[in-house]
Amino acid sequence: MLRSIGEKARRFLEPGSVPERSSGRIINPRTTRAKYERIARFYDLLDLYFEYGRYRPLRAQLFEGLSGRILDAGVGTGRNMPFYPEGTEVVGIDFSPTMLSRAGRRRDRLGLKVDLFEMDVLKTGFPDQHFDNIVATFLFCVLDKAQQLPALQELRRICKPTGSIHILEYSWAQRPLQRTIMQLWAPWVRWAYGAEFDRDTEQYADAAALKVVENRFVYRDIIQLITARPAATPPGNTV
Ligand SMILES: C[S@@+](CC[C@H](N)C(=O)[O-])C[C@H]1O[C@@H](n2cnc3c(N)ncnc32)[C@H](O)[C@@H]1O
């Protein structure tokens, strides 16, 4: 059964609901949520080619060695679920109820025990230092530039001091041919998913009091896996 924390979670949608300017265009998180509401039932089909041709080995790599209580932030339709390590306790959040209900169906099909909540990653409502590991696959490319830091700060808040945050993200290719292909592809990605390739999420890590312990390309020079840990903060400082 899909679980939701109802009004409390819905209220958390508010902070991100102010239109933000990024990459020269206005992005309204409400529009992004509406987009995912519309696209949810086609999402797996639209992504099928990339899922099987590109993403599945990356998802497997991402979850390697993760244990304990794990948050899958921006769980979507639950594409990461087949790779959740055995013996872990996973919670998935997403701000699109329709994406979540598809995730719920996948969870049931796979016979997993995963709690799903309708929540905004910018303000989750989880207690401080709640998770051992946090993963976010193709979430930050959907968040506006102005939301990168608040989202990282929120993930840092709910991550244990000994925990880690694992982010799988697109970035613009450096190689001219691949970059040109991406430039052709970008309008579709923007229209269909509200996603951009220019988020450079790792550059906000310091400001979020996170230490990037690894940042490597896992697919050509366009998909990177960023691993970060909470950095020690001076006493009295809150992030
Ligand atoms: C590109 S999809 C990726 C889904 C999944 N992680 C995957 O790897 O297939 C991005 C997901 O993030 C969710 N999302 C976007 N902004 C969000 C926010 N502020 N809070 C929670 N979820 C969000 C969308 O609803 C969507 O399901």
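Colleague: Which residue in E9 does Glu214 stand opposite?

Modeller: In this predicted model, Glu214 stands opposite Thr227 in E9.

Colleague: How many bridges join E8 to E9, and do the strands run parallel or antiparallel?

Modeller: Eight bridges join E8 to strand E9, residues 223-230, and the two run antiparallel.

Colleague: What is the strand order in the sheet?

Modeller: The order is E5-E4-E3-E6-E7-E9-E8, an open sheet of seven strands with mixed pairing. Strand E5 (114-118) and strand E8 (210-219) are the edge strands, each pairing on one side only. From one strand to the next, the twist averages 20°.

Colleague: Which strands does helix H3 touch as it packs on the sheet?

Modeller: Helix H3, residues 48-63, touches strand E6 (131-137), strand E7 (159-170), E8 and E9. The direction of H3 makes about 145° with that of E8.

Colleague: And what does H5 lie across?

Modeller: Helix H5, residues 145-158, lies across strand E3 (69-73), E6, E7, E8 and E9. H5 runs at about 145° to E7.

Colleague: Turning to the ligand, which residues come nearest?

Modeller: There are 24 residues around the ligand, and Tyr36, Gly74, Gly76, Ser96 and Thr137 come nearest.

Colleague: Which helix and which strand each supply at least two residues of that shell?

Modeller: Those are helix H2 (29-46) and strand E4 (89-94). H2 gives the most to the shell, with three residues.

Colleague: How many residues of the shell are nonpolar, polar and charged?

Modeller: By class, the shell around the ligand has 14 nonpolar residues, seven polar and three charged.

Conventions: Residues numbered from 1 in each chain as written. Predicted model: local features only at pLDDT ≥ 70, side-chain atom pairs only at ≥ 80, totals over all residues. Near = placed C-beta within 6 Å. Helix = DSSP H or I, 4+ residues; strand = E, 2+ residues; numbered from the N terminus. Nonpolar A, V, L, I, M, F, W, Y, C, P; charged D, E, K, R; others polar. Pairing = 2+ DSSP bridges. Axes fitted to C-alpha atoms, helices over the stretch in contact; angles between N-to-C directions. Contact = placed C-beta atoms within 7 Å.
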